[in-house]
Amino acid sequence: MKILVINAGSSSMKYQLIDMESEKVIVKGNCERIGAGGFISHKLATGTKIEYETNFPTHAEAFAEVVDLLTTGEHKVIDDISEISAIGHRGVHGGEKFSKSVLVDGEVMKTIDDLSDLAPLHNPPCLIAMRACRKVFGEKIPMVVVFDTAFHQTMPPKAYTYPIPYEYYEKYRLRRYGFHGTSHRYVSHRLGELTGRDNMKVITCHLGNGSSITAIDSGKCIDTSMGLTPLAGLMMGTRCGVIDPSLVSVMSEKSGYNLNKIIDILNKQSGLLGICGTSDMRDVHANIEKGDEKAALAFKMLTRSIKKVLGSYFFLLGNVDSIVFTAGIGENDEFVREAVCEGLEPFGIKVDKKENHTRR
């Protein structure tokens, strides 16, 4: 049995084709910079890696490119899409409707669509990927969606309840949900496997175009930086993170834009992009090397926002056994990791600079 896994993010679409009998990855890849050009990396289990620039206006074109790579050319890994038995999707916002993985049907897709206002950068791409899968594979192949919000359902009410009139939670379920749950759950579980411990206090840092940090006690989430939507928490690629709520009304008054436009700006034109003109950390570093002061400011703002949340979770947990960095920036940007951990030696955190700068 072969399973195709799709992870449609705000500006990327990661994928893996897995042979479930051996539990080995046949091929994996990533479609990047969707909507702003396009770049694809496609790596086979043999070690062969294909990379090239292309054009992905939307996630639909990215999915079509993936199917073409899987089934055609000298590096194809299957002869026909009928060899794929099922498809797994990463879903971002399941609200309180979905607390576990579910089979995808019309009602599930409608609910994901209804929740799009809570995750405007993620639920729509997820739906596009699902519809593209249906178009290519038909109705018979089973699709399952795994929600980012599910892992955070262990948060206690004191963590997920907002300090607003309680009736807003009772009537509209307005609360902190948290995101990147599949990532936080996996890396914390993998850490337990590597250390042989399941009772650790861990802070997991999922740092990418979208970023979040989670405090985990004995495998259970007790708090996380994102909230009702993926807009909250850290400064991100295009998202503002935590700001004074009154900024929304002030920005609207000063600009003449309505509420929807302001929220769109906070989601898609803020963060790194808003400060220095690019949402890609590789470009930020390149521009810092050129002497770009705004790029340097954006880097300092980003790492400071990460450090602030790290500090607060130290106090919530009372003690921390491990800090884990994952996702595109967390895994690949040694400068961010070093800046975040700088000055934390009194807390028992010291970076081995040689190891930190070693690529594996």
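In this predicted model, Val 248, Met 251, Ser 252 and Ser 255 of helix α7 are in contact with Leu 259, Ile 262, Ile 265 and Leu 266 of helix α8. Sorted by class, the contact between α7 and α8 comprises six nonpolar and two polar residues, with no charged ones. Helix α7 covers residues 246-255 and helix α8 covers residues 259-268; their axes come within 10 Å and cross at roughly 115°. The two helices, α7 and α8, are therefore roughly perpendicular to each other, and their crossing is right-handed.

On the α1 side, His 59, Ala 60, Phe 63 and Val 67 take part, and they meet Pro 125, Ile 128, Ala 132, Cys 133, Val 136 and Phe 137 of α3. The contact of α1 with α3 has nine nonpolar residues, one polar residue and no charged residues. Angles from 65 to 115 degrees count as roughly perpendicular, and those under 35 as roughly parallel; the crossing of α1 and α3, at roughly 45°, is therefore oblique. The handedness of the passage of α1 across α3 is right-handed.

The geometry of both pairs is set out below.

| Helix pair | Residues | Axes come within | Crossing angle |
|---|---|---|---|
| α7 and α8 | 246-255 and 259-268 | 10 Å | roughly 115° |
| α1 and α3 | 59-71 and 123-137 | 9 Å | roughly 45° |

At the N-terminal end, α13 is capped by Asp 333, which has a side-chain oxygen 3.1 Å from the backbone nitrogen of Phe 335. After α13 comes Gly 343, with a positive phi near 80°.

Arg 175 is located in the loop that joins α5 (167-172) to α6 (181-195). Its relative accessibility is 2%, so Arg 175 counts as buried. Setting aside residues up to four places away in sequence, Arg 175 touches Glu 96, His 152, Gln 153, Met 155, Tyr 160, Tyr 162, Tyr 169, Gly 227 and Leu 228.

Ser 225 occupies the loop between strand β11 (220-224) and helix α7. With 8% relative accessibility, Ser 225 also counts as buried. The side chain of Ser 225 reaches the backbone nitrogen of Ile 213 at a distance of 2.9 Å. Beyond its neighbours within four places in sequence, Ser 225 is in contact with Arg 176, Ser 212, Ile 213, Ala 232, Gly 233, Leu 234, Val 309 and Tyr 313.

Ala 150 is found in the loop between β8 (143-147) and α4 (157-160). The residue counts as buried because the relative accessibility of Ala 150 is 14%, and the cut-off for buried is under 20%. When residues up to four places away in sequence are not counted, Ala 150 touches Ser 99 and Lys 100. The C-alpha atom of Ala 150 is separated by 8.4 Å from that of Tyr 177, a residue 27 places away along the chain.

Technical notes
Residues are numbered from 1 along each chain as its sequence is written. This is a predicted model: local features need pLDDT of at least 70, side-chain atom pairs count only at pLDDT 80 or more; totals for chains, interfaces and linings use all residues. Side-chain values use heavy atoms; hydrogens and water are left out. Axes are lines fitted to C-alpha atoms, for helices over the stretch in contact, and angles run from 0 to 180 degrees between N-to-C directions. Helices (H or I, at least four residues) and strands (E, at least two) are DSSP runs, numbered from the N terminus. Angles under 35 degrees count as roughly parallel, over 145 as roughly antiparallel, 65 to 115 as roughly perpendicular and the rest as oblique. A crossing is left-handed if the near helix is turned anticlockwise from the far one by less than a right angle, and right-handed if clockwise. Contact means heavy atoms within 4.5 Å. Ala, Val, Leu, Ile, Met, Phe, Trp, Tyr, Cys and Pro count as nonpolar, Asp, Glu, Lys and Arg as charged, and the others, Gly among them, as polar. A polar contact is a pair of N or O atoms within 3.5 Å; within protein, one must be able to donate a hydrogen and the other to accept it, and residues adjacent in sequence count only if both atoms are side-chain atoms. Buried means under 20% relative accessible area, exposed over 50%, partly exposed in between (1.4 Å probe, protein chains only).
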